[in-house]
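Trainee: I am new to this structure. Please walk me through it in short steps.

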Amino acid sequence: MRKKLVAIILVGIMSLTLTACGSPANGGSTETASRGGGTETDSKEAGTGWSGDTIEIGLISMITGDNPLNGERMNQGVQLAVDQFNEEGGIDGHQINLTILDDQTTQDMAVTCANKLISQGVCGIIGPHRSTNAMAVEAVIEAGGVPTFTGGTSPKISELGDQYLFRCRASDSIFAEAAVAYAVNKLGSQKIGMLFNNDDFGTGAEGVIKAYCEKNGVDYVEQGHNTGDKDFTAQLMQMKSDGADTLIIWTHDAELAINARQIYELGLDVKVVSSPGVTMNQVIDICEPEYIEGWYGITDYVSSSDDPAVQEFKNAFMEAYGIEPELYAASYYGATVILLEAIKAAGTDDPTAIMEQVKKTKDLTLPNGTASCDDVNDLIHNVNVAKIVNKEVVFEEAISVE
Amino acid sequence: MEKKSNTMNNKKRNIILICTAAAVVLILPWILTTDYQIMVMNKVLIYTVVVLGLNFITGLTGQMNLGTAGMFALGAYATAVAATSYGISPWIGLVLAIVMGLLVGRGLGYPSLRLKGVYLALTTIGFSEVVRLVAANWVSVTGGTTGIRNIPYYSLAGYVFDTQTKMYYLFAVFVAFGIFCAYRLADSKWGRIFKSLRDNADAVEMSGVNIASCKILAFTVCAIYGCIAGALYAHFMGYINPSSFTIDLSTNFVIMLMVGGLGSVVGNIFGAAVVTILPEILRVFENYYQLIFCTIVLVGAIFFPEGWMFAGIKVIRKMVKKLRKREHITGEMGGGE
């Protein structure tokens with residue numbers, strides 16, 4: 001009996017092995033293949049008219065998880081754009097209805113949220129923010145065929161080849177190249193010391209900056225760290241002994257603030273160029289003025305810019321919420337404006353028609369730059385340099401990279 | 001004679017319950033109208049497999065394991081790397097995940113012989129974090145923080161499980177098999193030893209039982225279940241990265257176990273379902289949904305430590321008993337007239 005059982009199991013395993021060849025992967029899935037995203041509520045004929053009284057759009061935000069404050073700004077930015085359009089009578093007489101879902105800043109929940117929104121029949125999705133979350137939902141939104149705008153800045157998003165996934169911020173390759181170019185050309189740096197987070201965000205920038213230094217013959221040293229690390233003195237002392245005259249720090253808010261304090265405490269006499277975090281209140285507020293005095297930050301948005309689009313947005317935001325907007329608010333406000341302008345131009349809430357209109361976006365002025373869609377669905381191609389003076393973010397210059 | 005008829009009645013009742021459960025599982029995709037709803041059910045099924053395994057360590061043997069996310073991650077990465085880097089069939093990936101579970105279970109089981117309580121919990125957290133950090137930093141194999149994309153679907157003799165509904169039925173088979181094994185194991189001499197280890201390990205040892213091998217077995221079973229679930233998750237999501245396998249996930253699995261009731265196989269399914277579905281239902285409360293969910297879990301932990309389901313059953317039984325008593329009294333009074 002036992003022998004028979006073993007024989008049956010072996011035959012079963014062998015037949016599975018022989019017959020179960022790898023099925024098509026996500027990218028090459030068949031028409032019916034789907035990790036979700038079936039729009040069963042969408043009964044409208046593709047490309048024509050409106051499916052209901054209101055235009056439904058969705059936002060996958062970070063209400064809970066690692067970055068709730070950023071998520072709140074994201075919600076406010078998107079809501080402001082929706083309110084502005086609704087106050088002007090909506091689009092073709094249709095009011096816009098925004099559904100906000102929390103992805104807890106995890107890929108698992110981001111996929112669940114994307115599925116929920118697509119099942120509800122939204123015609124466009126703003127978010128998710130993180131690059132990894134954007135990569136997680138990519139298969140779902142492609143199967144569901146809904147234009148989606150992420151603020152994830154990993155250069156790998158450009159390689160996905162998903163026609164429905166758009167990026168509403170500049171890629172890290174633009175940010176990082178702008179940072180190192182500014183340090184070398186404007187600050188006269190001779191030796192760059194790169195401090196980076198070992199995650200996707202940090203390593204993406206590290207690759208770009210290292211390549212730039214090698215290409216231009218600039219001396220370069222680097223030290224990595226992990227998210228959640230609390231002590232960077234070993235890395236900073238190494239930088240000091242290596243003789244770096246400029247530090248480029250590419251990490252998240254909490255690690256950035258700790259780095260600032262420890263650089264000050266160790267008395268490192270270096271110029272510092274940082275990832276966008278240093279221009280945001282969540283970092284500035286937890287730092288003493290002397291920690292970050294004279295630091296440069298590469299960011300999407302600077303409130304002190306005299307650009308009329310920036311000032312108009314800043315005033316509207318402050319009037320609505322009583323606080324000054326930062327890059328999350330500006331970037332996702334911009335993404336929402338791009339989506340709503342595309343819906344207006346398409347004259348329908350058919351997601352495919354909207355996607356085609358977003359691809360046609362050209363020279364649309366937004367608070368975080370000028371939006372033009374390129375071949376890989378990147379919409380923003382410029383960044384700003386800001387300097388921290390007495391805890392104030394002072395606009396230095398805008399850098400555009402093609 | 002009466003005992004025999006009771007056993008027959010119990011058997012009949014069990015068959016009816018199993019048939020009803022099978023019917024519900026079969027028709028559920030017809031009741032659920034959107035991919036989103038079926039996707040949530042698929043997550044319930046995958047998490048049920050994990051909790052069934054966790055039940056052997058935390059539920060039956062009473063040892064705290066906060067490293068389930070690590071086991072889950074190992075299973076996911078084993079099959080994902082095999083499928084995407086070497087083009088190996090997901091089914092062989094599943095076998096690899098099981099082997100991985102076997103190794104990890106034995107490896108983690110040994111420290112459990114010397115460690116107890118909070119120290120064991122810390123060891124398992126450490127294991128989970130090591131797995132996550134290796135996945136994040138071993139870029140050439142795991143893709144680093146970017147993770148692994150394009151993980152293929154399961155397929156069988158040319159039939160591809162490429163929609164949420166198809167995956168649902170496939171996962172339901174895995175869960176049914178997992179429940180069957182869990183029941184058999186819990187009712188075997190091993191299951192009884194596990195429970196006695198939780199109640200009084202010294203007494204078990206005094207009875208001549210080799211508790212070392214039992215503890216290692218409990219960890220091994222848990223790790224195998226965790227790795228199988230991880231493998232299912234990888235092919236279900238199509239994309240994995242290390243940020244998914246944090247301590248939060250391990251804690252979530254323990255909450256599922258607690259909500260369902262420690263030591264109960266049916267409770268495991270209930271716990272996985274409640275902890276996965278309830279936050280989705282509570283989304284109507286917008287920004288407050290997590291606050292409400294956590295409050296409910298906290299209140300449940302304080303007032304129903306034996307699990308919500310059993311608390312509910314207890315209440316219903318009490319009510320039935322009271323009703324019967326009342327009927328009996330009324331009947332007696334009526335008979336007296």
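Mentor: First, some terms. Two strands pair if DSSP finds at least two bridges between them. Helices (H or I, at least four residues) and strands (E, at least two) are DSSP runs, numbered from the N terminus. This is a predicted model: local features need pLDDT of at least 70, side-chain atom pairs count only at pLDDT 80 or more, and totals for chains, interfaces and linings use all residues. Residues are numbered from 1 along each chain as its sequence is written, chains are lettered from A and ligands numbered from 1 in the order in which they are written, and side-chain values use heavy atoms, with hydrogens and water left out.

Trainee: Which residue in β4(A) stands opposite A:Ile126?
Mentor: Start with the strands. In chain A, β3 (residues 125-126) and β4 (residues 148-150) pair in the parallel sense, over two bridges. The residue opposite A:Ile126 is A:Phe149.

Trainee: Which are the edge strands of the sheet in chain A?
Mentor: The sheet is open and has five strands, with parallel pairing. Its order in chain A is β2-β1-β3-β4-β5. An edge strand pairs on one side only, and in chain A these are β2 (95-102) and β5 (165-167).

Trainee: At what angle does helix α2 of chain A run to β2(A)?
Mentor: Angles run from 0 to 180 degrees between N-to-C directions, with axes as lines fitted to C-alpha atoms, for helices over the stretch in contact (heavy atoms within 4.5 Å). Helix α2 (residues 68-87) lies across β1 (54-61), β2 and β3 of chain A. Its angle to β2(A) is about 170°.

Trainee: What percentage of the residues of chain A count as buried?
Mentor: Buried means under 20% relative accessible area, exposed over 50%, partly exposed in between (1.4 Å probe, protein chains only). Chain A holds 13 helices and 14 strands. Of its 402 residues, the buried share is 57%.

Trainee: Which residue of chain B meets A:Glu138 in a salt bridge?
Mentor: A salt bridge is a side-chain nitrogen of Lys or Arg within 4 Å of a carboxyl oxygen of Asp or Glu. This pair has an N to O distance of 3.0 Å. The pair crosses between chains, from helix α4 (residues 131-144) of chain A to the loop between α6 (139-142) and β1 (155-156) of chain B. The partner of A:Glu138 is B:Arg149.

Trainee: Is A:Glu138 buried or exposed?
Mentor: Take the partner for context. B:Arg149 has 25% relative accessibility, so it counts as partly exposed. A:Glu138 has a relative accessible area of 5%, so it is buried.

Trainee: How many residues apart are B:Arg132 and B:Glu129?
Mentor: Their side chains meet in a salt bridge (2.9 Å, N to O). Both lie in helix α5 (residues 117-137) of chain B, about one turn of the helix apart. B:Arg132 is partly exposed at 21%, and B:Glu129 is partly exposed at 25%. In residues, the spacing is three.

Trainee: Which helix of chain B holds B:Phe303?
Mentor: B:Phe303 is exposed, with a relative accessible area of 58%. B:Phe303 belongs to a nonpolar surface patch with B:Leu298, B:Val299, B:Ile302 and B:Phe304. Patches are made of residues with over 30% relative accessible area and no salt bridge: like charges are joined within 9 Å, nonpolar side chains (Val, Leu, Ile, Met, Phe, Trp, Tyr) within 5 Å. The helix holding B:Phe303 is α12 (residues 289-303).

Conventions: Areas by Shrake-Rupley, 256 points an atom, 1.4 Å probe, with all protein chains shown as cover.
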